Amino acid sequence: RSSTGSDSRKKAKTLDLVRVETSNTYIVTPPMAINNDGNSEQQGDSKRQKLTSSGKGTTITTATKQLVTMPARSIGVVPGENSPSCFFLDPMVLSQGHFANKLRTALSRWVYNPLEPPSAAALFGYTTRELAHICRSSLSEMEYALSNRVYGAEDALVIPDDVTRYGMLSEEGRQTVSMAIVSTLLESDLDLEWTSQDDGEKAMDMLPLVQEVRSNWQREEGADNELADEVIWHGLRPIVSYKSAGSKDEMPKQVQLIVEEVAKLAAHHVFLRGTPRSAACWEEDEFMEAWSIRLPTMTDKYQPSLELLGGIAISEMVEDKRQWRYFPASSLPLNPSLRIKSMLAMRNAWAVEEAKPYFEKLTMNESEIADLLKTHKK
């Protein structure tokens, strides 16, 4: 990666290292020494040199008037191969987020479990610079992706540590934190402090909310350790809106709840608590009733809606009754091909509209999803 100016976002250039086999042999020699006596004839002679190659690969530099021995070496010959090759730097035209799949894969190598956090001495996760190196992106591109949670960084978790490192939250951790958040919203309708913002909408102070979530999580999980602020904010961030000009890593002082996202979180909560009568699925009427009970009552805007279950659960008709089975997108592989195979293993037929929520964070359009379904359909 090269840059001709201080602003790498505008002046940076991405180059791809390409190996090319060639019949030529490239010889590297140091510059010829020029006498200091200023003899123009000798200087001219030293510039007119011929390179020859012996049968053993020894390079001899021949001048027009005399032989001069110089250190030289051949480049491009790969050990163990007969044909020489060389490497070129080709400019690459990259689209925004070209590194998304590599970034998701890199982040998934470090899965943080809040129930069993790593020791303080262990280096856990990748720094921004390390992720940029792994994904072959510029540092500014990676900083933008992580700060705004885009281009593969949607689920990136800031690992609790003195140095900012990134990984992903374990599925078990996500579930336990989500349940603690829903319990907090249900139990604290009137206890949490609310203030009015300039636009007239009520906002919730973050400090008491975080403290309540941490307390509920410790009580429900029986954990000895405290739930880190970074993990709590990771669970809260998708369900709140807030005013901030900085990175999404920074926790704001006040937030507003997003009604639809809170309802989705409550739906997860219902499924995670188990089905009635130890059944494999929820009957639709029973699920809707249980879902409505798990929604906060601070406003009448919180209503269960089947349209919100995309990417959370799938339905099927059993004896003229619709049943719902928990099938969260967050539990599926990050690789698109492996993800579609897991979906087809759960159910043989998928409409594109049903599959879309499961590829929302993978930034795939409808035609790409349709092609993927067609390719992997049994």
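1. Start at serine 183. Serine 183 touches Asn216, Glu220, His269, Arg273 and Arg294, leaving aside residues up to four places away in sequence. Contact here means heavy atoms within 4.5 Å.

2. A word on the basis. This is a predicted model: local features need pLDDT of at least 70, side-chain atom pairs count only at pLDDT 80 or more, and totals for chains, interfaces and linings use all residues. Residues are numbered from 1 along each chain as its sequence is written, and side-chain values use heavy atoms, with hydrogens and water left out.

3. Serine 183 sits in helix H6 (residues 171-187). Helices (H or I, at least four residues) and strands (E, at least two) are DSSP runs, numbered from the N terminus. Serine 183 is buried, at 3% relative accessible area. Buried means under 20%, exposed over 50%, partly exposed in between (1.4 Å probe, protein chains only).

4. The side chain of serine 183 makes a polar contact with the side chain of glutamate 220, at 2.8 Å. It also reaches the backbone oxygen of methionine 179 at 2.9 Å. A polar contact is a pair of N or O atoms within 3.5 Å; within protein, one must be able to donate a hydrogen and the other to accept it, and residues adjacent in sequence count only if both atoms are side-chain atoms.

5. Now the sheet. Its 3 strands run in the order S10-S12-S11, open, with mixed pairing. S10 (111-112) and S11 (156-159) are at the edges with a single partner strand each, so one side of each lacks a neighbour in the sheet. Two strands pair if DSSP finds at least two bridges between them. S11 and S12 (residues 165-169) run antiparallel, joined by 4 bridges.
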